[in-house]
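User: I would like to learn how to read a model like this one, feature by feature. Can we look at it together?

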Amino acid sequence: MKIHWLLMAATAASVSGCYSVESPAASRVGSFQVAVQTISAVASNGSLQPLSVVPSCIKQYGTRLDQVPAGVRGTKDCRYVVPNGQVELRVDVLALDTSGRIFAFNGPVAFKVVPGDLSGDYSYHWVNVVNGRGVGTLRAEHVYGEVRVWALDEPVEPNYTDGGIAGDPTKLPTEPSSRTYAAGASETLFFQEPSLATIQTPRIYDNRDSPFAGQFVTFGRAPESGSIQYQDCPDRDLDGDGKVDPEPAKPVTLLVTGTDPSGFFVTDITSCPIPEDTSSAAQVNVPEPSGYLPGSYGSMFVYNYNFPEGLNAGDLLWTLSGSVQEFTSTTQITFPSWTVREHVRQLPPDQWNKYLALNPPVELNLRHCGLKNQLSPQGVDVLCGYYNSNLKLESMESGLVKLRRARFPKVFKNCDLNGDGEVPFFCNSSGAWVPCGTPAEHEKPEIQCNIDCTTGSGEHQNTVCSELTQFNSFGQFVVEMAGPGPREAGLDDTLPSRWQEVVLSNTASNKTRTAYEDGTEVSVWCDMDSYFRFGTTTVTATPDDELLPAKTRKDVIIDKGQGFVAFMSHQPPPSSPGTPAPRCYVSRNTHSRVLVMTKDAVPELKVDCDENDSNAERARQCRYLHAATYDVVGHLKQIQAARPRWMVLPRDADDICCYPGPDMQCPSPIQTCK
């Protein structure tokens, strides 16, 4: 019976013939086809510039970006650089129905960029689609890695601030009666993967903020996640012969340079050198001789909320992830996670510093502080890196630096005159130190006290003074950097126009060309034994004057009307052909200052001491401390509200050494510099 019915059904089908039924037309949009037509970098003046690609791609096709075919830019083998600002993309959006066919959709469609953020006004956040197609322009920032542009049938997301909508809400589209929340994404646009340097390089000439503040970012890549991430640096002169050498690709190497009770510092020791911008907009007083910034923006503090158990200075990381934040204008990673590449403490002790040795500290000098290469001083000289446009210091932020021949404070002045535990800071106006804003009357004496102490003026002229309330509250104190002059004299030789040179003769007296003001502290140093005398414009030196032994520094405070210095050598200068004539050098101490904090690194070192302490040992140690100068290695941090704004944080007692004063020794537990 079953077979019979099957035969009847087959016969009926053969008689009637086959037919098809059209599916009903789709009544709504199902997705979007998104195509990026062009991409450009938005310059600071709003103009559009070609977005560059990584150096390795440019080298494949020549030496310039315009030699790279447009079709290969933004591919996996020719990635775009991470833009230091906005990019503008022209995008073609095509509406499709639920069957994938073109659909006559009409209405506003929102843009989205992942990873990244929309930027610009709201007109760059959406496109109007008419009869299924719309061509629009969007602007974005914080793009890196594998980027896709999305089109979405959903409301444009407004920016909120202070409980309201930021920007011009009239540039938001009129919202339709309903939304389907259909979406579509473009093909992948490949950008560089993020590095510490690309995240921290300032967008403008200001050192207070990272352009990626508020973004969650991952640096580096563990082997189990794919190929190791390599640093892609442009070629440069590596051997100093004046010719460009190929820059070999290096695996991104994240080095832990130190830990503290709340986190740790990390440096990408393969970070690319950054050419220094010396345009007028950058306000660089003295360019770096190398043409590159002293740092690479390749260091960062990782705020772990507690001590990073299991990490030690010298360890290597594969990856570091977290949210980029600014604290006191120092960029840091919060809510971090990391994967360890190598624990050096599992190796023999002689290998614990093998990676740290590849990352020597940068010697912090007066040129980095932003001083001008001129004989006359400026009002801001005393606070190293006071201006926010100083990118030399920003490039070294959170990296290891070295202070050479610094002086510790001899005076700790309590400027908290009303006992409320606070002392207002101060600002600069036209080269003068003044209160910030309009302080209350009772604050003005405290501010002036703070100015005089911190800048070495008033009663503290030519004295290293640190404000006591700041020290008691935060443990940080002022130190004075070496003044300008010959390096062999223990001075800073990076600004040669800051000192005067006098050619020596044993038959005639020669003097400085320019007089120094009364009360100025100057350093005097000569190549050979010389007689010297301070005086007026007619001053001369004779064998009856004080003899300054060769290569011995003497620091002198100018008496009233005695601003010139005359010299005569003790013996005839050498006259060998080609030998420079011996000289004496006179330089004004700039009294440039930074902050240091030793309470965690060397808690037993008492810097707030009294040479007249009733305890004989404490008094002796205090005299040792005041008479010496110090080399200090540590991490550089910015504290925007502090005066000075920049601080060096040594890691332990080994980061500080001393040059004892005459007939003295180093204060305990500091060792003598080798």
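User: Is Glu276 buried or exposed?

Analyst: First, the ground rules. This is a predicted model, in which local features need pLDDT of at least 70 and side-chain atom pairs count only at pLDDT 80 or more, while totals for chains, interfaces and linings use all residues. Residues are numbered from 1 along each chain as its sequence is written, and side-chain values use heavy atoms, with hydrogens and water left out. Now the term: buried means under 20% relative accessible area, exposed over 50%, partly exposed in between (1.4 Å probe, protein chains only). Glu276 has a relative accessible area of 11%, so Glu276 is buried.

User: Where is the place of Glu276, and what does its side chain contact?

Analyst: Helices (H or I, at least four residues) and strands (E, at least two) are DSSP runs, numbered from the N terminus. Glu276 sits in the loop between strand S17 (263-268) and S18. A polar contact is a pair of N or O atoms within 3.5 Å; within protein, one must be able to donate a hydrogen and the other to accept it, and residues adjacent in sequence count only if both atoms are side-chain atoms. The Glu276 side chain makes such a contact with the side chain of Lys392, at 2.6 Å.

User: Why does Gly167 count as exposed?

Analyst: Gly167 counts as exposed because its relative accessibility is 59%. Gly167 lies in the loop between strand S10 (164-165) and strand S11 (183-185). From Gly167 to Asp235 there are 68 residues in sequence and 43 Å in space, C-alpha to C-alpha.

User: How do strands of a sheet pair?

Analyst: They pair through backbone hydrogen bonds, parallel or antiparallel. Here, two strands pair if DSSP finds at least two bridges between them. Take strand S3 (residues 87-97). Eleven bridges join S3 to strand S1 (residues 29-42), running antiparallel. Gln33 has Leu94 in S3 as its bridge partner. S3 also runs antiparallel to strand S7 (residues 133-141), with eight bridges. There, Arg90 stands opposite Thr137 in S7. S3 is mostly covered, with ten of its eleven residues buried.

User: What is the order of the open sheet of four strands?

Analyst: The order is S28-S35-S30-S33, with antiparallel pairing. Strand S28 (499-503) and strand S33 (554-557) are the edge strands, each pairing on one side only. Strand S30 (residues 521-526) pairs with S33 over four bridges.

User: How much space lies in the second largest pocket?

Analyst: About 940 Å³. A volume is the space filled by probe spheres set on the grid points, which are joined across faces, edges and corners. Of the 37 lining residues, Phe474, Gln476, Met597, Ile639 and Met647 are closest to the centre of this pocket. H7 gives the largest share of the lining, four residues.

Key:
On a 1 Å grid over the protein atoms alone, a cavity is a set of points where a 1.4 Å probe fits but cannot get out, and a pocket is an open set with protein on both sides within 12 Å along at least five of seven lines; lining residues have an atom within 4 Å of a point.
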